[in-house]
Amino acid sequence: LILDSLVDFTGSLLLGFLTGILAAWLLKTIDMRQHTLLELSLYILLIMYVPYLLAEIVHLSGIVTILISGIAARRYMVPNLSLTTKHNAETFFRLAAHLAETSIFLELGLSVFANGSSFPWKFVMWSVLACLIGRACHVVPIALLYNRYVVASSATKAKAVAMTDIDMVTDTDATNVDTVQQQQQQQQQQQQQRQEEEKEGTGCEINNHQSHQRAASPNG
């Protein structure tokens with residue numbers, strides 16, 4: 001029994017994944033974005049009816065096959081759809097899910113009154129208790145693992161951000177130091193140019209003075 005269940009689950013998983021990949025390849029090869037109605041019909045047909053039909057033919061789980069096919073289609077098939085088809089498909093699936101939930105709740109509610117006075121209260125109470133225990137056994141460990149992963153990833157991101165800030169500050173400081181050094185070099189060059197200009201001006205004044213003296217002397 002366990003081996004049959006394992007084979008059934010594994011076969012349904014592989015069948016759903018293969019149908020999703022083949023459907024994505026088909027829509028990627030054949031561009032139907034100009035024909036939104038045909039694209040929507042083929043999209044729904046390939047991820048709902050075809051996987052379920054194939055699973056029933058080979059005696060596998062149609063529900064698991066459709067689930068895995070939908071996951072694969074969401075990852076590989078949806079990017080190849082047009083925006084109109086994406087919106088219409090999302091609306092269609094929401095409507096179908098709402099109608100299915102409504103039908104299930106109606107059936108459960110009507111079945112309560114259909115049994116008359118022979119309602120199994122003990123069985124219902126034990127079933128609810130078993131559901132709560134099973135949910136706690138699944139949710140609590142997964143929540144603990146997820147919280148640890150989130151805390152670890154948050155710490156890693158915080159370290160990365162801190163290192164990035166340190167690098168930015170270091171780069172800014174290095175840039176400021178380079179700027180200050182360049183300004184000092186420019187100031188030194190300007191001072192040297194001023195000194196040279198002053199020396200040249202002084203030399204010109206001395207030459208002019210000597211030339212005036214020579215011109216004013218009687219032997220000149």
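The lining of the largest pocket in this predicted model divides into seven nonpolar residues, one polar residue and three charged residues. The residues concerned are Tyr43, Ile47, Gly70, Ala73, Arg74, Val78, Leu81, Lys86, Ala89, Glu90 and Phe93, and the space they line amounts to about 190 Å³. Helix 2 (36–57), helix 3 (62–77) and helix 4 (83–114) are the elements that each give two or more residues to this lining, with helix 4 providing the largest share, four residues.

The second largest pocket is lined by Met48, Phe93, Ala96, Ala97 and Ala100, a set that divides into five nonpolar residues with no polar and no charged ones.

| Pocket | Volume | Share from helix 4 |
|---|---|---|
| Largest pocket | about 190 Å³ | four residues |

The crossing of helix 1 past helix 3 is right-handed. On the side of helix 1, the contact is made by Phe9, Ser12, Leu13, Leu15, Gly16, Phe17, Thr19, Gly20, Ile21, Ala23, Ala24 and Leu27, while helix 3 contributes Val64, Thr65, Ile68, Ser69, Ala72, Tyr76 and Met77. Taken together, the residues of this contact divide into 13 nonpolar and six polar, with no charged residue among them, whereas the lining of the largest pocket includes three charged residues.

Technical notes: Residues numbered from 1 in each chain as written. Predicted model: local features only at pLDDT ≥ 70, side-chain atom pairs only at ≥ 80, totals over all residues. Heavy atoms only, no water. 1 Å grid on protein atoms, 1.4 Å probe; cavity = no way out; pocket = protein on both sides within 12 Å on 5 of 7 lines; lining within 4 Å. Points joined across faces, edges and corners; volume = space filled by probe spheres on them. Nonpolar A, V, L, I, M, F, W, Y, C, P; charged D, E, K, R; others polar. Left-handed = near helix turned anticlockwise from the far one by under 90°. Contact = heavy atoms within 4.5 Å.
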